[in-house]
Amino acid sequence: AQRLAARRRQVDETLSPFRLSQEQLTLVKNRMSAGLEAGLRCKGTSSVKMLPSFVYRTPDGKEQGKYLALDLGGTNLRALLVTFKTGLQQNTRMHHKIYTIPLEIMQGTGEELFDYIAYCISDFLDYMGMKKAHLPAGFTFSFPCEQTAIDTGKLVSWTKGFKATDCEGHDVVEMLREAIKRRNEFDLDIIAMVNDTVGTMMSCAYEDPQCEIGMIVGTGTNVCYMEDLKNIEKTKQNISKMCVNTEWGGLGDDGSLDDIMTPFDIEVNQNSINPGKQRFEKLISGMYLGEIVRQVLLDLTRAGLLFRGRVTETLKTPGMFQTKYLSQIESDRIALLQVRSILQQLGLNSTCNDSIIVREVCAMVSRRAAQLCGAGMAAVVDKIRENRGLNHLNITVGVDGALYKLLLRFTIYFSSLNDLIQSNLALAPQCDVTFLPSDEGSGKGAALITAVARQKH
Ligand code: ADP
């Protein structure tokens with residue numbers, strides 16, 4: 001029993017840096033606030049990039065017509081045909097098809113990547129029988145882009161495992177138009193280039209006019225919100241707001257999160273394809289949480305605290321512990337025996353005690369992710385409240401991404417996020433925040449942005 005208690009203490013010690021205090025979370029909130037301000041001042045060069053989206057308003061329900069939406073975000077490309085009807089029978093109809101992006105295309109040349117996208121569009125138009133339609137299209141491209149108009153955007157840098165050459169610094173809408181020309185089979189009128197956060201916000205705003213923030217927690221994490229136009233550019237125009245893509249995943253790239261990073265986070269960052277970049281994202285999103293857990297398990301095993309001290313090949317293999325196992329293992333609905341059988345499938349022979357520890361590691365890592373996300377969100381809602389000179393702000397956040405939707409602990413901590421933002425941690429006590437999961441967010445959102453942008457033409 002004494003040995004067990006000593007072992008317990010050692011495990012607790014290893015996990016303690018994942019336990020963030022209220023002070024630490026407040027610091028993260030304050031750094032995010034500073035990041036938002038710095039990004040607005042120097043556009044694109046600071047760690048939180050604050051990229052203008054050229055989307056000036058949320059939908060008003062009068063949108064109509066047929067649109068093609070393309071969504072290139074993380075693991076796959078989706079093509080959608082979206083139809084909006086107004087009037088008494090206001091409704092949205094959507095058809096879609098999903099194409100996986102082979103790794104050699106993700107990491108090949110830019111021309112190959114865009115030729116592949118053009119091939120997918122061609123296949124989809126065939127499938128819908130709309131090859132001749134010359135549709136207006138919105139292109140959801142969920143990577144940091146410097147936009148100078150709604151339909152131009154230079155890729156700043158790839159994230160989330162993409163590495164295709166000759167894309168960074170280039171206008172991706174132009175690259176898509178050229179690929180379509182090369183294919184010479186169909187015409188598209190690409191009207192809008194859309195970040196997935198903006199698409200999510202728009203699709204949720206279609207249901208709830210109070211929605212002025214979009215958040216994604218999937219492969220990566222990011223947020224956009226409606227910012228006062230005067231804070232973005234000098235303007236004499238008659239419009240007052242513009243949606244800003246914060247690219248908040250870059251917080252900490254200047255070292256400002258170093259004090260909360262654990263040795264495990266440092267390891268994950270160093271082993272990633274973009275070391276030093278997207279530090280905040282690497283503490284939160286699906287591409288990394290499994291890897292963080294694996295690093296912790298590796299450390300505990302090496303210290304003889306887990307798996308009888310046996311470091312297996314699986315445990316040493318990057319990517320072997322996927323984030324979806326995290327959500328299976330930490331689920332309260334499954335018994336410890338099932339946790340052991342999941343570990344067994346991963347080639348890890350566990351005792352009952354091991355499975356308790358593994359579950360705890362998973363819970364700690366996903367709780368921290370949710371809390372950090374909450375601290376960041378507190379900065380965003382407070383900024384909006386201050387912009388508007390309000391004592392109290394009611395606002396809705398449109399949300400998408402597998403982590404928000406599937407990772408239990410994340411959802412639990414997130415549903416108490418309102419508490420977190422408000423009373424518990426008093427991170428943004430004067431804001432009432434509602435989270436609205438988006439339904440088919442970025443596709444429908446891209447179509448809505450295209451429709452809104454076209455109304456101006
Ligand atoms: P994307 O962000 O690429 O558009 P998703 O929102 O589906 O797509 O997120 C994919 C990420 O979610 C991957 O990193 C994957 O590991 C993770 N993931 C997939 N299924 C689950 C799950 N059940 N629980 C937690 N994470 C998951």
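Residues are numbered from 1 along each chain as its sequence is written. Because the model is predicted, local features need pLDDT of at least 70 and side-chain atom pairs count only at pLDDT 80 or more, while totals for chains, interfaces and linings use all residues.

**Exercise 1.** Find the order of the strands in the open sheet.

Solution. Start with the strands, which are DSSP runs of E, at least two residues, numbered from the N terminus (helices are runs of H or I, at least four). Two strands pair if DSSP finds at least two bridges between them. The six strands then line up as β1-β11-β10-β9-β12-β13, with mixed pairing. Pairing on one side only marks β1 (51-52) and β13 (431-437) as the edges.

**Exercise 2.** Work out how strand β9 joins strand β12.

Solution. Take β9 (residues 211-217) and β12 (residues 393-400): they run parallel, with five bridges between them. Now pick M215 and look across, where V399 of β12 stands opposite.

**Exercise 3.** Describe the residues around the ligand.

Solution. You get 16, and the closest are G74, G218, G286, S327 and A402. Next, see which elements give two or more: α9 (286-302), α11 (323-330) and α14 (402-406). Last, sort the shell: five nonpolar, 10 polar and one charged. Here Ala, Val, Leu, Ile, Met, Phe, Trp, Tyr, Cys and Pro count as nonpolar, Asp, Glu, Lys and Arg as charged, and the others, Gly among them, as polar.

Note on methods:
Near = placed C-beta within 6 Å.
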